[in-house]
Amino acid sequence: MSYKALTSDQLLSIKTLKELKAAGYESKSVKDELRENLVEKLQKREPTFEGIWGYEDTVIPDIERAILSKHNMNLLGLRGQAKTRIARQMTELLDEYVPIIEGSELNDDPLNPLGRYGADLIAEKGDDTPIAWLHRSDRYAEKLATPDVSIADLIGDVDPIKAATLKLPYSDERVIHYGLVPRSHRSIFVINELPDLQARIQVALFNILQEGDIQIRGFKLRMPLDIQFVFTANPEDYTNRGSIVTPLKDRIDSQIITHYPKTLEISKQITTQEADIKDAQKEKVVINEIAQNLIEQIAIEARDSEYVDEKSGVSARLTISAYENLASAAERRALMNGEAQTYIRVSDFVGVVPAITGKVELVYEGEQEGPGIVAHNLVGKAVRTMFTEYFPKPDDKSKEKSENPYKTIIEWFGEGYTLDLLNDLKGSIYEDGLKAVPGLEALVKSKHPKVGKAETLFLMEFVLHGLAEYSKLSKSALDTGTRFKDLLSSMFSMPDLDDLTEEDLE
């Protein structure tokens, strides 16, 4: 039986170098491992990066080509584009177990030891050298680049305590305390946000990428490190904290550009997969497809908004957090009203505002407006964009008033009626309030006759928000909800004198 055909249990039963040689083990670099296992997956037409949606025809083929070429790579893209997740999933392309010399801090290959410890142990014990096994999940190291990262962190430094304990001079390489990079020998090593790494630290990576050498203090070390490097970075025109120095960029073999989901459906698939919705929430809250689409549309509107810095980007984490908050808003309302189950409402979108305000980087004009107002505006724009997919566009110029499907609704508000939809209304009161608007239910049933009762109520509220976004109704925020009224009366109505402050009267 060949070494490759051995099962995991058979591999783990090998305890000495002699047994390892007898099994037919041969040294193999980490890049060769990745390449061979990828070739096997491609031949079997198996997925290589499961759960990564929207990259099937763009990013993933580029990564596969880089692995086949045995390249170190840089994943370049805005935040929230699954760069780190892709890097972590690369471990699935490694062999399940690889042998190392037991006790080695550098993951020494038993047939090709890298450090002094492994070489001395083999010289002492020969074929009786003890063998340990390293699982592929342990062959991954990650470092977030920050300005305070030092050479000692990445490469290593002299350890005076070790020198004193072992009674060794500083000229002995055994006094070296190795950093993350040497300890990632035979592994995948990821540096996130590479431009944030100080230029002098980036320079220290030159020889490692080119020759596999490391330099620590005055030691004449030549350690042919076997590492698959993966870097991640935001576009340099976005980050103002630094950049990738040109010689280092030249040594990174492949630069792969990531992107946001190109369709709403892909974005929705990502959000549904990543959102942490508890089982209790799933049982209590029913979220329809329109609400899910609205969540995704908010992110799309944010990426096109004049108030949001487009160079910063809008992370997929925005829609994930917004989706979780939407479910929690409906769950909270149901718990307060003692309801066993509830259906999502448009008014529940007030809960997604905190998920938006912390996820978008505003330009100067956006800061002047305020993050809260910008978030509410983004929700409103999403409603406006999605509205015409479910109902006719409210446009008096293209339709006679007699043909206007919203005429009855608008005229009712024009007679002076108002509708207050509070965020935490009981289901029965919420239903009565919407049904009090003449023509609203009939409009929804005429356009969507097959939907159930709960979704009909959602669409009825959706119509009111849509008409407000198209300036057919007035929508104003209350402390605990939303008020709908006639647009003209709200424009010409004077405030109550009792509500005015002394500054207003002045």
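Predicted model: local features only at pLDDT ≥ 70, side-chain atom pairs only at ≥ 80, totals over all residues.
Let me begin with Thr271, which is buried at a relative accessible area of 1%, where buried stands for under 20%, exposed for over 50% and partly exposed for what lies in between, with a 1.4 Å probe and protein chains only. Residues are numbered from 1 along each chain as its sequence is written, and side-chain values use heavy atoms, with hydrogens and water left out.

Thr271 sits in helix H13, helices here being DSSP runs of H or I with at least four residues, numbered from the N terminus. Apart from neighbours within four places in sequence, Thr271 is in contact with Glu296, Thr319, Ile320 and Tyr323, contact meaning heavy atoms within 4.5 Å. The side chains of Thr271 and Thr319 are joined by a polar contact of 3.0 Å, that is, a pair of N or O atoms within 3.5 Å, of which, within protein, one must be able to donate a hydrogen and the other to accept it, and residues adjacent in sequence count only if both atoms are side-chain atoms.

Turning to the helices, H13 (residues 264–274) packs with H15 at an angle of about 105°, and their axes are 10 Å apart, the axes being lines fitted to C-alpha atoms over the stretch in contact and the angles running from 0 to 180 degrees between N-to-C directions. H13 and H15 are therefore roughly perpendicular, a label given to angles of 65 to 115 degrees. On the H13 side, the residues making the contact include Thr271, and on the H15 side they include Glu296. The residues of this contact divide into two nonpolar, six polar and four charged.

H15 (residues 289–304) also packs with H19 (residues 371–387), at an angle of about 115° and with axes 8 Å apart, so H15 is roughly perpendicular to H19 as well. Among the residues in that contact are Leu294 and Ile298 of H15 and Leu378 and Val383 of H19, and the residues of the contact divide into eight nonpolar, three polar and two charged.

Key: Helix = DSSP H or I, 4+ residues; strand = E, 2+ residues; numbered from the N terminus. Parallel < 35°, antiparallel > 145°, perpendicular 65-115°, else oblique. Nonpolar A, V, L, I, M, F, W, Y, C, P; charged D, E, K, R; others polar.
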